[in-house]
Structure formats: C-alpha cells, structure tokens
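Dear colleague,

I am handing over the structure below, and after it you will find an account of what was found. Please read the two side by side.

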Amino acid sequence: MFKVREFNDKHTCPLNDKVYEQHQASNSLIGGMIRSKFTNHKRKYTPKDIIDDVKSDFGVDVSYMLAWRAKEKAINFLRGEPDDSYNKLPGYLYTLDMTYPGLHTRMVIMPLAYGIVDSENDAAWSWFFEQFNEAYGERENICIVSDRNESIIKSVSRVYPTVPHLAYIWHLWNNVYKKFKKSHSKLSEIYFSMAKAYTQDEFDSLMKNVEKVDIRMKEYLELAGYEKWARLYAPVVPSAEHLHMVNDEGRHYTVCLLEKKYSCRRFQVDELSCPHA
C-alpha cells in the first residue's frame, strides 16, 4: 500500500523529450513547437516544410494531414480561434452605427465593406469586387483609389471596367522612396506639390525640378500615369459662358459664374469656393 502525499502538475521536461517519447506526435504538440514560424505573416511555411523539419529535428515521420492540422493549431495558438474573431463582428457593427448614425458622413473614411480571405491574390480580390458590385453596384461619381497591387488592378479592370481607378499618392510615394533612396529626401516635397498642383505651368515647373534631381523618377511617374495621382489631370469641362477676367497679384484667372468654374482649378478640384469668386 502507498499513499500519494503530494502531486506536482507542472512538467519541466522539454517538448523535445515528449516528441522523442511518442513516435506518433499529436498535432497540438507539433503546433506548439512550430508556432514561432508563423509570427511573420508574410512567411510561407507549408505542411511539407513541417514534415521535413519534424523529421530532421526529431527523427519522427508525420503524415501530410497531421502536418496540416499542426499548422492550423499553430496559427490558432497565435491568433485565436476563427469563431472568436467572428463573434466580435456584431460589436464592431454596433460601434460603427453609434459612431456614424445612419451612416451619413462627409470627409471621413468609412468602411463600406470588408472581406476575410486567405491572402491578397487575383482570386481573392476578384471575389471581393464581385461581392461589392453585387451589393453596392456602380453609382454616379464612384471611383476606386488603391495602392498599385497587381491583383487589384486586374480585378478592377474586369469588374469595374468603366470606373476610374486612381492611385493613393502615399503608396505611390512609398514606391518612389524605395526605388530612389539616394534622392528621395530632395524629391519628397516636389512630388507631393505635383500631386496637388492646380495648373499646368505649376506642374511642369515642378517636373523640371524632378528631372534635375533624378530623371528616372519622371519616367516612373509617367509610367504610373499622371491621371492616376495628379489632381491637375482630373477631367474638367471648360467654361463657355458668363466669363470674367480676374487679376490676382499680377496673375490673370478666368471665372465662369454660371458654371462655377475657375481657371485656377481650385473649385473644380476641391469643390470649395476659391478667393477669385
């Protein structure tokens, strides 16, 4: 006869020992050992990689299905169960409704839709825009602004072929920053000034400054398409009636009071009355 007087439920043996002891390792055990592999979401770590690593490190053969389930376990260890994430959606929608009652707002970025996909690829973006098109349709003055992700460009051209697709100037600048590291400090102010220029003379003058710093940037921006990022190239119909000439500190501007269009272009672009009106 014997009596257990004390029980210590904290194990001090390392995971390696557990694997060696059981030649049929569980997916939870392997998942716990490989979860550090998934801290970088951009890293590709496949079930085949798991099989090879377990064999190399511990001398244990595991099946593809076991490796797949171990990968799912590892991701769940880091990010939590998918059901838990979905359960947060009602709270998010409630907060959105409280913040934007009736969903009427101006000058605020408001999410209309979002999707949960495996990665940013052609199939995922096509699915997203197809679902968005079905729910929201194509409306007057709609446009799409995005980074220059190739999958987005392909999907928009297919699902919304007639809708203007513009480039987010900050993302475009990040590309410029990476491509022209030696001269980016000199180009930053010039680039953002060009993006916001109202007149052709102003834009051309700034572009000449770009050429002096790095001609390659001019070629890159031309390839991106001025109409994608420079507001000067937004389509505007010229005024034809009720024209007036305005002299502003030596500069002459044309104002059309009937159509509310001014040659300085500020009203057409910003839809805010300029000083010349």
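The buried residues of helix α4 are Leu 66, Ala 67, Ala 70 and Ala 74, where buried stands for under 20% relative accessible area, exposed for over 50% and partly exposed for what lies in between, with a 1.4 Å probe and protein chains only. Seen down the axis of α4, these buried residues fall within an arc of 95°, so they line one face of the helix; the arc is taken over the directions from the helix axis to the C-beta atoms. They pack against α2 (27-34) and α3, contact being heavy atoms within 4.5 Å.

Please keep in mind that this is a predicted model, in which local features need pLDDT of at least 70 and side-chain atom pairs count only at pLDDT 80 or more, while totals for chains, interfaces and linings use all residues. Residues are numbered from 1 along each chain as its sequence is written, and side-chain values use heavy atoms, with hydrogens and water left out.

Helices (H or I, at least four residues) and strands (E, at least two) are DSSP runs numbered from the N terminus. The 16 residues of α4 (residues 64-79) should span 22 Å at 1.5 Å a residue, and the end C-alpha atoms are 23 Å apart, which agrees; the expected span is 1.5 Å times one less than the number of residues. Just after α4, Gly 80 takes a positive phi of about 90°.

The structure holds 6 salt bridges, each being a side-chain nitrogen of Lys or Arg within 4 Å of a carboxyl oxygen of Asp or Glu. One of them joins Asp 52 to Lys 48, with the closest N and O atoms 2.9 Å apart; the two residues are 4 apart in helix α3 (residues 47-58), and are thus separated by about one helical turn. Asp 52 is partly exposed at 36% relative accessibility, and Lys 48 is partly exposed at 49%.

Another salt bridge links Arg 158 with Glu 130, the closest N and O atoms being 2.5 Å apart. Because Arg 158 lies in helix α8 (residues 150-159) and Glu 130 in helix α7 (residues 122-136), this pair ties together parts that are 28 residues apart in sequence.

Arg 216 also forms a salt bridge, with Asp 214, at 2.8 Å between the closest N and O atoms; here Arg 216 is partly exposed, at a relative accessible area of 47%, whereas Asp 214 is buried at 9%.

With kind regards
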